[in-house]
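This report goes through one protein model part by part. Please look at the sequence and the structure below before reading on.

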Amino acid sequence: FESALAEKPAARGDIVYAAGMMFRASGFMLLVLYALNRRYFVNEKMASIESEGFATLPRNFHLRIRKVLSAIGESAEAATRSASEMRALAHDLRELCAREIGEIRPSGFGI
């Protein structure tokens, strides 16, 4: 949901707000990774680093998140590309969930 919502503020050049939404989206995706890997999530401290060792991950998950969050961009066009990549990553995670746990009902946000 957050990754889909980040596209509108990114497109209008509200970089800071879009960046916050993408950060929150990455945190929610980490929660999903912990669940898929049957690991207990204590808090966000070190969660990204710890989850790099998980067996069940979308392809290049952590690399893609680092690329987006480290270079969201200074223009609406760049931020929109970053938001689109974050949405694509959410889509890949959703597909992984479907393979691992079965069918997932659509959210209505196209992810």
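Which residues lie nearest the centre of the largest pocket? Phe 23, Ser 26, Gly 27, Leu 30 and Ser 48 do, out of the 16 residues that line this pocket. The model is predicted: local features need pLDDT of at least 70, side-chain atom pairs count only at pLDDT 80 or more, and totals for chains, interfaces and linings use all residues. Residues are numbered from 1 along each chain as its sequence is written, and side-chain values use heavy atoms, with hydrogens and water left out.

## The largest pocket

Rolling a probe the size of a water molecule over the atoms shows where empty space is left. On a 1 Å grid over the protein atoms alone, a pocket is an open set of points where a 1.4 Å probe fits, with protein on both sides within 12 Å along at least five of seven lines; lining residues have an atom within 4 Å of a point. The largest pocket has a volume of about 350 Å³. Here grid points are joined across faces, edges and corners, and a volume is the space filled by probe spheres set on the points.

Helices H3, H4 and H5 each supply at least two residues of the lining. H3 gives the most, with seven residues. Helices (H or I, at least four residues) are DSSP runs, numbered from the N terminus.

Ser 51 has its place in helix H4. With a relative accessible area of 0%, Ser 51 is buried. Buried means under 20% relative accessible area, exposed means over 50%, and partly exposed lies in between (1.4 Å probe, protein chains only). Not counting residues up to four places away in sequence, Ser 51 touches Leu 30, Tyr 34, Leu 57 and His 62; contact means heavy atoms within 4.5 Å. Between Ser 51 and Thr 80 there are 29 residues in sequence and 27 Å in space, C-alpha to C-alpha.

The buried residues in H5 are Phe 61, His 62, Arg 64, Ile 65 and Val 68. They cover an arc of only 160° around the axis, which puts them on the same side of H5. The arc is that of the directions from the helix axis to the C-beta atoms. Lys 67 and Ser 70, on the other side of H5, are exposed. Helix H3 (15–36), helix H4 (47–51) and H6 are among the parts that cover the buried residues of H5.

A nonpolar core is a set of buried Ala, Val, Leu, Ile, Met, Phe, Trp, Tyr and Cys residues joined through side-chain atoms within 4.5 Å. The largest one has 26 residues, of which Met 22, Met 29, Leu 33, Phe 61, Met 86 and Leu 93 touch the most other members. H3, H5 and H6 each supply at least two residues of this core, and H3 gives the most, with ten. Leaving aside neighbours within four places in sequence, Met 22 is in contact with Ala 6, Val 68, Leu 69, Ile 72, Ala 79, Ser 82, Ala 83 and Met 86.

## Salt bridges

Side chains of opposite charge can pair when their charged atoms come close. A salt bridge is a side-chain nitrogen of Lys or Arg within 4 Å of a carboxyl oxygen of Asp or Glu. The structure holds five of them, including those in the table.

| Pair | Closest N and O atoms |
|---|---|
| Arg 87 and Glu 7 | 2.7 Å |
| Glu 85 and Arg 64 | 2.7 Å |

Arg 64 lies in helix H5 and Asp 92 in helix H6, so their pair ties together parts that are 28 residues apart in sequence. Arg 64, Glu 85 and Asp 92 are linked in a network of salt bridges. Arg 87, at 22%, is partly exposed.

Which residues here have a positive phi without being glycine? Arg 38 has a phi near 50°, and Met 46 has one of about 70°. Arg 38 is found in the loop between H3 and H4, and Met 46 lies in that loop too. Arg 38 is exposed at 74% relative accessibility, and Met 46 is exposed at 57%.
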